[in-house]
Amino acid sequence: MTPKPKLEARQLHFFYGTFAALKGINLAVPAGTITAIIGPSGCGKSTLLRVFNRMNEIIPDVHLSGDVLLEGVSIYQDGLASTTLRKRVGMVFQRPNPFPLSIFENVAYGPRIHGLARGDSLRRLVEESLQATHLWDEVKDRLSQSALSLLPEQQQRLCISRLLAVQPEVLLLDEPCSALDPAATQQIEELMRELTARYTLVIVTHNMQQAARVSEFTAYMLLGELAEFGKTAELFTNPRDPRTEEYITGRFG
Amino acid sequence: MLVVILGNIVYVGWGHLSWEFLTQVPRAGMTQGGIYPAIFGTAALVLLMTLAVLPLGVMTAIYLQEYAPQGSRWVPLVRLAVQNLAGVPAIVFGLFGLGFFVSFVGREIDHFLYGGRLVYGQPAILWAALTMALLTLPTVVVTTEEALRAVPQGLREVAYALGATRWQMVHHVVLPQAIGGMLTGGILAVSRGAGEVAPILFTGAAYYLPYLPTHLNDQFMELGYHVYVMTTQSPDVEATKPLLYSTVLVLLLLTFALNFVAVLVRAQFRRRQMR
């Protein structure tokens with residue numbers, strides 16, 4: 001049985017100016033799982049991810065029809081502040097992008113702006129968040145050093161820690177490993193699997209092996225449409241849509 | 001060419017430069033004594049100008065760059081207007097200052113607050129500073145906007161993605177990154193202001209004052225204007241020549257020093273961002 005949906009897109013259309021980037025997406029992301037969104041470049045997978053936490057709204061001249069539900073409640077309803085939404089639905093970006101601050105300050109930033117913790121409890125929260133990504137042992141003696149002194153892979157784990165510290169429910173990851181080497185990618189993938197115990201993850205990736213390795217569900221997008229959605233094992237071994245088969249067997253994309 | 005001019009000024013001006021010259025008031029029709037009131041007046045003018053131009057310029061730039069709706073038709077217009085200010089001759093600013101600040105704002109203040117007594121409706125250091133602030137406004141706006149633009153878009157997105165409001169994003173992420181560039185702009189504006197004469201000609205600079213300005217509505221002496229006065233208005237131009245050279249030297253040293261500080265500040269912040 002499919003777990004109940006955490007995030008749900010309903011008849012979702014999205015436009016940059018007059019260009020339709022998403023065309024009638026219906027997709028239910030099950031809670032407590034990793035859902036991978038795959039597809040060729042320009043298919044709208046990153047756009048879909050950004051619609052899930054309204055990051056699309058910082059770009060001018062976009063509009064949207066249809067709806068996105070978070071636990072059954074519309075996130076595009078008037079009255080829901082985008083800041084509240086983004087606290088619950090956080091995002092990790094393609095390139096590691098720590099603030100040019102100390103390691104501690106990076107992780108403490110989210111809790112500070114949301115008033116989640118201060119003093120000792122803030123320090124505990126930072127430690128927990130760094131432990132959740134296994135970064136704690138590597139950085140505990142140099143928390144006051146600049147985050148930019150870390151390796152790229154450590155920086156990406158720091159960015160995930162920074163996100164975990166605001167205590168979100170959903171993590172949106174936009175090609176989180178594309179700037180990392182294979183060993184670092186493996187570490188991040190292991191980390192993602194561990195995180196499903198507490199969070200719902202949606203990952204955009206252009207790497208099909210990665211989608212096959214980490215995700216339970218996969219959505220295949222093509223030209224702004226959702227071509228196929230299903231359990232990863234089934235989608236990769238027995239795709240229903242011939243276009244999916246062509247893509248995953250490497251005939252295009 | 002530059003070397004010849006500067007060399008001449010330094011060579012001739014150095015001789016008369018002394019502690020007394022820097023700390024005494026002019027005497028005997030400016031053929032003796034020092035230039036202390038002019039140095040003090042310049043410093044006071046520049047300070048007041050900075051207090052006026054920095055908040056206005058920085059807020060304008062932050063609005064244009066971070067708050068104004070993108071794709072708005074007004075933003076390019078405002079930007080164009082600000083940049084055109086930079087092309088207006090300084091003397092026009094002086095006339096505007098006389099017409100607007102002195103004759104209009106000042107007179108109205110006198111009319112309403114002082115029952116028509118002449119207090120602010122005359123040339124004063126306040127009006128000179130505000131006129132100078134308008135002149136230097138484009139420098140501050142343009143350099144601040146450049147500094148804001150240089151902040152990576154990715155950092156803005158991260159702040160938003162963590163649930164920051166726009167102001168939190170600007171305040172915590174953008175401004176700390178841009179502060180170096182903004183300071184540089186501020187200092188460049190100050191050094192430009194310290195060297196200009198035309199805007200203060202009608203708005204507050206005095207030919208000769210044996211005392212220092214203590215109120216906003218006092219007139220004041222200023223280095224650049226003092227140079228002009230000694231060259232053209234002195235009863236004995238030949239006798240003022242040594243002092244003139246030294247005054248020009250002081251003025252040059254002051255503006256060079258400010259520009260040098262701007263370069264240092266910029267280098268300092270660039271280094272800090274690298275780490």
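Axes here are lines fitted to C-alpha atoms, and angles between them run from 0 to 180 degrees between N-to-C directions. The model shown in every view is predicted.

**Figure 1. Helices α4 and α6 of chain B pack against each other.** Helix α4 covers residues 74–85 of chain B, and helix α6 covers residues 125–149. Their axes lie 7 Å apart, at an angle of about 130°. Angles over 145 degrees count as roughly antiparallel and 65 to 115 as roughly perpendicular. α4(B) and α6(B) are therefore oblique to each other. The crossing of α4(B) past α6(B) is left-handed. From α4(B) come B:V82, B:Q83 and B:L85, which meet B:L137, B:P138, B:V141 and B:V142 of α6(B). Six residues of this contact are nonpolar, one is polar and none is charged.

**Figure 2. Helix α6 of chain B also crosses helix α8.** The axes of α6(B) and α8(B) come within 8 Å and cross at roughly 150°. These two helices are therefore roughly antiparallel to each other. Their crossing is right-handed. On the α6(B) side, the contact includes B:M132, B:L135, B:V140 and B:E146. On the α8(B) side, it includes B:V174, B:G181, B:L188 and B:R192. The residues of this contact divide into 10 nonpolar, nine polar and two charged.

**Figure 3. Chain B meets chain A.** The contact takes 17 residues from chain B and 22 residues from chain A. Two helices of chain B, α7 (153–161) and α8 (166–195), each supply at least two residues of the side that touches chain A. α7(B) gives the most to that side, with six residues. What kinds of residue make up the side of chain B that touches chain A? Seven are nonpolar, eight are polar and two are charged.

**Figure 4. The largest nonpolar core has 143 residues.** In soluble globular proteins, nonpolar side chains tend to be buried together. Those with the most contacts inside this core are A:I37, A:L172, A:V202, B:L45, B:I125 and B:A129. α6(B) provides the largest share, 15 residues. Follow one residue, A:L172. Leaving aside neighbours within four places in sequence, A:L172 is in contact with A:L49, A:F52, A:N53, A:V89, A:G90, A:M91 and A:V202.

**Figure 5. Chain B as a whole has 11 helices and two strands.** The C-alpha trace of chain B spans about 70 × 50 × 30 Å along its principal axes. Chain B has 275 residues, of which 43% count as buried. Take the contacts in chain B between residues at least 6 apart in sequence: 76% of them join residues at least 24 apart.

**Figure 6. A:Q11 has a positive phi without being a glycine.** Its phi is near 45°. A:Q11 sits in strand β1 (residues 5–16) of chain A. Is A:Q11 buried or exposed? A:Q11 has 11 C-beta neighbours inside 10 Å, so it counts as exposed.

**Figure 7. A:L223 is not a glycine, yet its phi is positive.** The value is about 50°. A:L223 lies in the loop between β9 (217–222) and β10 (225–231) of chain A. With 14 other C-beta atoms within 10 Å, A:L223 is partly exposed.

Technical notes. Residues are numbered from 1 along each chain as its sequence is written. Chains are lettered from A and ligands numbered from 1 in the order in which they are written. This is a predicted model: local features need pLDDT of at least 70, side-chain atom pairs count only at pLDDT 80 or more; totals for chains, interfaces and linings use all residues. Helices (H or I, at least four residues) and strands (E, at least two) are DSSP runs, numbered from the N terminus. Angles under 35 degrees count as roughly parallel, over 145 as roughly antiparallel, 65 to 115 as roughly perpendicular and the rest as oblique. A crossing is left-handed if the near helix is turned anticlockwise from the far one by less than a right angle, and right-handed if clockwise. Two residues are in contact if their C-beta atoms, placed from the backbone, lie within 7 Å. Ala, Val, Leu, Ile, Met, Phe, Trp, Tyr, Cys and Pro count as nonpolar, Asp, Glu, Lys and Arg as charged, and the others, Gly among them, as polar. A nonpolar core is a set of buried Ala, Val, Leu, Ile, Met, Phe, Trp, Tyr and Cys residues joined through C-beta atoms within 7 Å. A residue is buried if 20 or more other C-beta atoms lie within 10 Å of its own, exposed if 12 or fewer, and partly exposed in between; C-beta atoms are placed from the backbone.
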